[in-house]
Amino acid sequence: RAQSNISSNISVGIDQLKFPDFLLRPQIVTQSSANKMDYAEYDRWAESLDENFSRVMAENLSKLIPTENVYVFPWKSSTVIHYRLTFAVTQFSLGANKDISLIVFWSIFDNETAKELLRKKTTLSQPGPTSDPLNYGQIVAVMSRLVEDFSHEIVTELKTIARK
């Protein structure tokens with residue numbers, strides 16, 4: 001995928017990032033039925049899922065825009081932020097249907113005016129591994145691709161907004 005035409009002078013702040021409590025565990029979460037979550041006994045995140053998601057989003061956006069001016073809250077009060085992003089992740093796991101889904105409600109704000117410029121729901125999904133026992137390395141690799149695809153969507157929207 002090509003990089004965007006956004007000015008490398010813009011700055012983006014990743015502000016609020018919310019995950020449901022059932023996903024904020026050290027264990028990797030999968031869903032075995034519509035109403036049952038399973039927590040991997042020995043397969044764990046290297047860091048908290050919300051911190052990892054924020055860090056990876058910042059790295060992805062920095063590469064795709066490209067700019068070095070992508071910050072994760074809290075940033076210094078002297079930092080100039082043009083666009084502020086908020087995220088509410090409602091799903092990010094292997095489902096009972098063996099698809100891995102990422103569902104996020106997200107917004108872009110003009111940081112100076114605090115005006116919401118865009119509000120959107122993104123639903124992404126890819127087939128997950130069907131092996132038994134589950135291959136958590138494969139699950140995490142698909143999750144990483146979903147975050148990358150989501151990053152591209154954000155940059156596409158930022159590109160449209162920045163042109164206005």
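Visitor: How many residues does helix H2 have, and how far does H2 reach from its first C-alpha to its last?

Guide: In this predicted model, helix H2 covers residues 136-163, which is 28 residues. The distance from its first C-alpha to its last is 41 Å, close to the 40 Å expected at 1.5 Å a residue.

Visitor: Which residue caps the N-terminal end of H2?

Guide: Asparagine 135 does. One of its side-chain oxygens lies 3.0 Å from the backbone nitrogen of glycine 137.

Visitor: And what span does H1 have?

Guide: H1 reaches 22 Å from first to last C-alpha with its 16 residues, close to the expected 22 Å.

Visitor: Which residues of H1 are buried?

Guide: The buried residues of H1 are Leu49, Phe53, Ser54, Met57, Ala58, Asn60, Leu61 and Leu64.

Visitor: What covers them?

Guide: The cover over the buried residues of H1 includes strand E1 (12-18), together with E4, E5, E6 and H2.

Visitor: Let me stay with serine 54. Why does serine 54 count as buried?

Guide: Serine 54 counts as buried because its relative accessible area is 9%, and the cut-off for buried is under 20%. This serine lies in helix H1, residues 49-64.

Visitor: Which residues does serine 54 touch, leaving out those up to four places away in sequence?

Guide: With those sequence neighbours left out, serine 54 touches Ile14, Leu17 and Val72.

Visitor: How far is serine 54 from arginine 145?

Guide: Their C-alpha atoms are separated by 15 Å, and the two residues are 91 residues apart along the chain.

Visitor: Changing topic: how much space lies in the largest pocket?

Guide: The largest pocket holds about 190 Å³ of space. Its lining consists of 13 residues, and those closest to the centre are Trp45, Asn52, Val56, Val140 and Ser144.

Visitor: Which elements give two or more residues to that lining?

Guide: Those elements are H1 and H2. H1 gives the most to the lining, with five residues.

Visitor: What is the make-up of the lining by class?

Guide: The lining of the largest pocket has nine nonpolar residues, along with two polar and two charged ones.

Visitor: What about the bond from phenylalanine 73 to proline 74?

Guide: The peptide bond from phenylalanine 73 to proline 74 is cis, with omega near 0°. Proline 74 is found in the loop between E4 and strand E5 (83-94).

Visitor: What is the phi of lysine 98?

Guide: Lysine 98 has a phi near 70°, a positive value in a residue other than glycine. Its place is in the loop between E5 and strand E6 (99-110). Lysine 98 counts as partly exposed because its relative accessibility is 34%.

Visitor: And what is the phi of alanine 114?

Guide: Alanine 114 has a positive phi of about 65°, although it is not a glycine. Alanine 114 sits in the loop between E6 and strand E7 (116-127). With a relative accessible area of 48%, alanine 114 is partly exposed.

Definitions and conventions. Residues are numbered from 1 along each chain as its sequence is written. This is a predicted model: local features need pLDDT of at least 70, side-chain atom pairs count only at pLDDT 80 or more; totals for chains, interfaces and linings use all residues. Side-chain values use heavy atoms; hydrogens and water are left out. Helices (H or I, at least four residues) and strands (E, at least two) are DSSP runs, numbered from the N terminus. Buried means under 20% relative accessible area, exposed over 50%, partly exposed in between (1.4 Å probe, protein chains only). Contact means heavy atoms within 4.5 Å. The expected span of a helix is 1.5 Å times one less than its number of residues. A polar contact is a pair of N or O atoms within 3.5 Å; within protein, one must be able to donate a hydrogen and the other to accept it, and residues adjacent in sequence count only if both atoms are side-chain atoms. On a 1 Å grid over the protein atoms alone, a cavity is a set of points where a 1.4 Å probe fits but cannot get out, and a pocket is an open set with protein on both sides within 12 Å along at least five of seven lines; lining residues have an atom within 4 Å of a point. Grid points are joined across faces, edges and corners, and a volume is the space filled by probe spheres set on the points. Ala, Val, Leu, Ile, Met, Phe, Trp, Tyr, Cys and Pro count as nonpolar, Asp, Glu, Lys and Arg as charged, and the others, Gly among them, as polar.
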